[in-house]
Amino acid sequence: MSGNRTFTMLKPDAVENGHIGAILAKINEAGFRIVSLQMQQLSRHEAGLFYAVHKERSFYGELVDYMTSGPIVAAILEKDNAVEDFRTLIGATDPTQAAEGTIRRLFATSISANAVHGSDSNENTAIEGAFFFGAKEQF
Ligand code: ATP
Ligand code: MG
């Protein structure tokens, strides 16, 4: 039986700093199966849409600048309790507050350049996954 799914992006700082392999290894070691995977650079329009929920926040412009600054790796992941377990694996938004051993604690550089995104609900997993992957790209 297949488990629940979550959506992740390895953000431009993680890619730029050469952490793709190490982060994917952590993800696999934590028991997630990779369902879909691709590398691309977001346009300002795409990054703005992806983070539209934050468009009234003071950091929105900075967030769009940052998310378009280089390529990202997008992925759909599968595991029981995927959304909650992945948020635990990545740690707090601010890497200085993230627990020891979490992906953000290990690999993030700042609160904005925080290495990875993780969906916050099953509903947003479906929306975010469909933003990057069609049915034929989900295995
Ligand atoms: P994500 O949605 O990327 O997984 P998150 O759910 O932990 O992160 P959100 O509150 O959804 O955190 O914020 C989205 C992203 O906006 C953060 O990951 C971070 O890159 C950026 N961000 C959030 N708060 C700030 C802030 N105070 N200053 C700068 N950037 C911020
Ligand atoms: Mg979020």
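Hi everyone, let me start with one contact: the side chains of T109 and D13 are joined by a polar contact of 3.5 Å. Before I go on, please keep in mind that this is a predicted model.

So where does T109 sit? You'll find T109 in the loop that runs between α6 (103–107) and β4. Is T109 buried or exposed? Its relative accessible area is 53%, and exposed means over 50%, so T109 counts as exposed. Leaving aside residues up to four places away in sequence, T109 touches D13 and N17. And if you look back along the chain to A98, eleven residues apart from T109, the two C-alpha atoms are separated by 12 Å.

What is the strand order? It is an open sheet of four strands, β2-β3-β1-β4, and the pairing is antiparallel. At the edges stand β2 (33–40) and β4 (116–118); each has a single partner strand, so one side of each is left without a neighbour in the sheet. From one strand to the next, the twist averages 20°.

Now to strand β1, residues 4–10. On one hand, β1 is joined to β4 by three bridges, with the two strands antiparallel. On the other, seven bridges join β1 to β3, and that pair runs antiparallel too. Why do I call β1 largely enclosed by the rest of the structure? Because five of its seven residues are buried.

Over in β3, which covers residues 72–79, have a look at E78. E78 has a relative accessible area of 8%, and the cut-off for buried is under 20%, so E78 counts as buried. Which side chain does E78 meet in a polar contact? That would be R5, at 3.1 Å.

Next, the helices that go with the sheet. Helix α5 (residues 82–90) lies across β1, β3 and β4, and runs at about 35° to β1.

Finally, the ligand. There are 13 residues around ligand 1, and the ones that come nearest are K11, Y51, R87, T93 and N114. For T93, a polar side-chain atom lies 2.5 Å from a ligand oxygen. For N114, an N or O atom of the side chain is 2.8 Å from a ligand oxygen. For R104, the corresponding side-chain distance is 3.1 Å. How much of ligand 1 does the protein cover? On its own the ligand has 570 Å² of accessible area, and the protein covers 81% of that.

Notes: Residues are numbered from 1 along each chain as its sequence is written. Chains are lettered from A and ligands numbered from 1 in the order in which they are written. This is a predicted model: local features need pLDDT of at least 70, side-chain atom pairs count only at pLDDT 80 or more; totals for chains, interfaces and linings use all residues. Side-chain values use heavy atoms; hydrogens and water are left out. Buried means under 20% relative accessible area, exposed over 50%, partly exposed in between (1.4 Å probe, protein chains only). A polar contact is a pair of N or O atoms within 3.5 Å; within protein, one must be able to donate a hydrogen and the other to accept it, and residues adjacent in sequence count only if both atoms are side-chain atoms. Two strands pair if DSSP finds at least two bridges between them. Axes are lines fitted to C-alpha atoms, for helices over the stretch in contact, and angles run from 0 to 180 degrees between N-to-C directions. Contact means heavy atoms within 4.5 Å. A residue is near a molecule or strand if one of its heavy atoms lies within 4 Å of it. Accessible areas come from the Shrake-Rupley method with a 1.4 Å probe; for residues, only the protein chains shown count as cover.
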